[in-house]
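Subject: Handover of a structure, with notes on chain B

Dear colleague,

I am passing on to you the structure we spoke about, together with some notes on what I found when I went through it. Please have it open beside this message as you read.

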Amino acid sequence: MKNFFWKSSVLITSMVLFMMPPFHSYALVPPLLSWGGYPVITPIPCTCSASLWSWFAPLYLSSAPMTGPMVYVPEGTVPFPNYTITMPGAPHLGAYLAGVQACWMYAGTGCFPLYSVGVMAFAGVGLPGGK
Amino acid sequence: MFLNIVLCSRWQYVRRASFVRVRYTGDVNKKNVLLWVGISIAVVAFVFFVFWFLWNGLGGTPSQNINVGSAQNNTLSNSKDCIVWQFDDSTKPCFRPAKPTATTTSTIITAPSLPALVSRCNGLSVIETDECISTLAVEKQSKSLCDVLTKPEAKKSCLGGIVAQGVDLVDRKIVDTKIPSLVPDAPISTGNNTASQAITTDMNSFMQSEIAKQVGKYQEAVSHPDPRYTADGFYNRVADKVAPSLFQVSPYQVRPGGVVVVKGMGFQSQGNTLYVGDTASLSAESGDGMSFTTTIPPSVSEGSYNVYVKNSRGSTLSTERPIHIMVTNSPKPLPKITSVEPSVVSPDGTIVVRGDSLSGLEGLYTSVGWVLGSSNSINLKSLQYMKNFTESPYVKSGSKFKFAVYAKTDAGMSDEPFFFEVQF
C-alpha cells in the first residue's frame with residue numbers, strides 16, 4: 001500500500017506539473033498571418049527563385065477552408081519539425097506573408113511569377129495523413 | 001452479475017424492487033478513500049486541462065486584440081459576414097475569427113438588422129421592452145440598440161452592459177482574437193506593409209475611444225521578441241544571407257529616364273545597382289530584400305538590353321537565364337486579360353483567353369505551366385505541371401481549384417493575374 005501511495009503521489013505531482021507548462025505566447029503581428037493546410041501535389045521547383053510551389057487543399061487562412069498555392073523559400077522560411085515542408089498529405093501549420101510572390105519560373109525570355117497566396121514565413125509539419 | 005465482476009470483490013450490488021444500488025461491505029480505510037478522491041480530482045482536472053489546452057492552443061488563451069480591416073474593396077458575395085479584411089487588395093480572402101470569443105461570436109457576425117432586432121421586443125410593456133432591448137444589445141454587443149431606448153437610465157445601463165462585455169460591433173469592421181496594432185505608428189516596421197497601413201488608416205475614432213475606455217482588456221499586439229519569427233525576420237533572411245537574384249524588371253518597355261520596379265531576391269537595404277547593358281542606374285535601397293525601384297539612365301539609347309543587378313554580395317548577370325528590357329520612346333501598354341472562357345473547365349479541357357492589348361501575344365503563363373506562341377487558347381492537358389494534379393492521390397474528384405493566368409506580349413507581361421477554375 002505504501003508503494004501504491006508513493007506511485008500515486010508521483011502520478012498526481014506529474015499531472016499537476018504538466019498543467020503548468022512554461023509556455024509563452026505572442027500575437028502574430030501583421031503582415032504575418034496564420035495559415036495551415038495539406039499539400040496535395042508533388043511540389044513544383046521554381047526555376048528562377050530556388051523555391052518550392054505547392055498547392056494546398058484545404059488551405060486554412062481563416063476558419064473557412066479554401067484551396068490555393070503557397071511557396072516555401074528554403075532561404076527564408078523557418079522550418080519546424082518534422083521539417084518535411086510541402087510533403088503531400090502532411091498537415092502544415094505556420095505563418096505566412098500574404099501576397100508576396102516568391103516563386104518565379106523562367107520561360108524563354110524572362111521570369112514570371114507562379115501565382116501564390118503567399119510565402120511561408122515559418123511552418124511546422126505533421127506526419128502524412130495526420131491531423 | 002456484471003457489476004459484481006467489474007467492481008472490486010468487496011462491493012456488492014443489491015437489487016431492490018424498482019432500483020439498483022451499490023453497497024460497500026468491506027472495512028473503510030480512510031487513507032485509501034482520500035487517495036482515490038485525490039486521484040479522481042487530479043484525473044478530472046487533467047482531462048479538463050487537456051480539453052482546455054486543445055481548445056486554446058499553445059500558451060493558453062491568446063490575448064485579445066482588435067483588428068480593423070478595410071471592407072470597401074472586398075468582393076466576396078457574403079462580404080457583410082466578414083469582420084476582418086486584412087488587406088485592401090480585393091484578391092485577399094475575407095477573414096473571420098478562428099475561435100469565437102465573447103466579442104466575436106457568430107451571432108454578432110450574422111446579427112440581423114437593427115429594426116429586426118427591435119421588432120423582437122414589440123408588444124411588451126414599456127419596462128419589459130426596455131429590458132428586452134437592453135438584453136439584446138448586450139447579447140449582440142450593439143450600441144445602436146441602446147440608442148433606441150428613450151429613458152436615460154435605461155440607456156446608461158444598456159451601454160454599461162456593453163462596455164462591460166466588449167466593444168460595439170455594429171459597424172462590423174472589427175475584431176480578431178489575435179493580431180494588431182491599436183494606434184498609428186505602432187511597432188510594425190516592415191517596409192511596404194499594406195496590412196499595417198490598412199489597420200492604422202481604417203481605425204476610426206469610435207474604435208479608438210472604445211479601446212481607450214477599456215484599458216487592460218485589449219492589448220497591443222506584441223511581436224515575438226525573437227526576430228526570426230517576425231515578418232522582418234523573413235525579409236532579413238532573404239535580403240542579407242543570399243546572393244542577389246533577378247526575376248523581373250517591370251514594365252518591360254520603358255522610356256529612357258523611366259521608372260522601373262526590379263523584382264528578385266537578395267537585395268540589400270542599400271547599394272543595389274541595376275545595370276542596363278553596361279550602363280549603371282542609380283544605386284537603390286530595398287526595404288524587403290525582394291524589390292526596389294530605380295530609374296533607367298536617361299543616357300541609354302533605344303533598344304533591347306540585358307539587365308542585371310549588382311550589390312556587395314554579387315551580381316545576377318547570367319547567360320543561362322538572361323533578363324531583358326526594351327528601352328523605347330514609345331512604350332506599348334501592358335496586356336490585360338479580361339475573360340477566360342469557359343470560366344470552369346476540366347483538366348483536359350481548353351480555355352480561350354481574351355483581353356486588351358493582346359496583339360503581339362508571345363505566351364500564356366498559368367499556375368500549371370505555360371504555352372509560348374501567339375495563340376490565345378490553351379489545352380490544359382498540355383501544360384507542364386497539370387500531371388502533378390491529375391496524378392495526385394490527394395486531389396479529390398469533383399474539387400475545384402482556382403488557377404491564375406498571365407499574358408505576355410512584346411510589351412511585357414500583364415501586371416495582374418486572371419483566375420479561372422479547373423474542376424477535377
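Predicted model: local features only at pLDDT ≥ 70, side-chain atom pairs only at ≥ 80, totals over all residues.

A question to begin with: in which strand of chain B does B:Met265 lie?

B:Met265 belongs to strand E5 of chain B. With a relative accessibility of 4%, B:Met265 counts as buried, because buried means under 20%. If neighbours within four places in sequence are set aside, the residues in contact with B:Met265 include A:Val73 and A:Ala102 from chain A, and, from chain B, B:Val238, B:Phe247 and B:Met290 among others. B:Met265 and B:Asp240 stand 25 residues apart in sequence, and the distance between their C-alpha atoms is 9.6 Å.

The strand that holds B:Met265 is part of a sheet. Three strands of chain B, in the order E3-E5-E8, form an open sheet with antiparallel pairing. Its edges are strand E3 (245–250) and strand E8 (291–295), each of which pairs on one side only, and from one strand to the next the twist averages 30 degrees. Strand E5 (residues 259–265) is joined to E8(B) by 5 bridges, the two running antiparallel, and B:Val261 has B:Thr293 in E8(B) as its bridge partner.

Of the 10 residues of helix H10 (residues 231–240) of chain B, 7 are buried, so the helix is largely enclosed by the rest of the structure. Among these buried residues are B:Phe234, B:Tyr235, B:Arg237 and B:Val238. The cover over the buried residues of H10(B) includes, from chain A, strand E1 (32–39), strand E5 (78–80), strand E6 (92–98) and strand E9 (118–125), together with E5 of chain B.

Further along chain B there is another open sheet, made of 3 strands in the order E12-E14-E17, and its pairing is antiparallel. Strand E12 (336–341) and strand E17 (377–379) of chain B have a single partner strand each, so that one side of each is left without a neighbour in the sheet. The twist here averages 25 degrees from one strand to the next. Strand E14 (residues 350–356) of chain B pairs with E17(B) over 3 bridges in the antiparallel sense, and B:Ile351 stands opposite B:Ile378 in E17(B). Strand E15 (residues 361–366) and strand E16 (residues 369–372) of chain B pair in the antiparallel sense over 4 bridges; E15(B) and E16(B) form a hairpin with 2 residues between them, in which B:Gly363 stands opposite B:Leu372.

Next come the aromatic rings. Over all chains, the count comes to 23 aromatic pairs. In one of them, the rings of B:Phe389 and B:Phe403 have centres 5.1 Å apart and planes at 65 degrees, so the pair is edge-to-face. This pair links distant parts of the chain, with B:Phe389 in helix H11 (residues 386–390) and B:Phe403 in strand E18 (residues 400–409) of chain B, 14 residues apart. B:Phe403 and B:Phe420 also form an edge-to-face pair, at 6.3 Å centre to centre and with 75 degrees between the planes. Because B:Phe403 lies in strand E18 and B:Phe420 in strand E20 (residues 418–423) of chain B, this pair ties together parts that are 17 residues apart in sequence. B:Phe403 counts as buried at 0% relative accessibility, and B:Phe420 counts as buried at 1%. Ring pairs link A:Trp53, A:Trp55, B:Phe389, B:Phe401, B:Phe403, B:Phe420 and B:Phe424 into a cluster.

Two lysines sit over rings as well: the charged end of B:Lys310 over the ring of B:Tyr275, 5.3 Å from its centre, and the charged end of B:Lys408 over the ring of B:Tyr252, 5.5 Å from its centre.

As for chain B as a whole, there are 11 helices and 20 strands in it, and 43% of its 424 residues count as buried.

With best wishes

Definitions and conventions: Residues numbered from 1 in each chain as written. Chains lettered and ligands numbered in written order. Heavy atoms only, no water. Phe/Tyr/Trp six-rings, centres within 6.5 Å; stacked < 30°, edge-to-face > 60°. Buried < 20%, exposed > 50% of the residue type's maximum accessible area, 1.4 Å probe, protein only. Lys NZ or Arg CZ within 6 Å of the ring centre and 35° of its normal. Pairing = 2+ DSSP bridges. Axes fitted to C-alpha atoms, helices over the stretch in contact; angles between N-to-C directions. Contact = heavy atoms within 4.5 Å.
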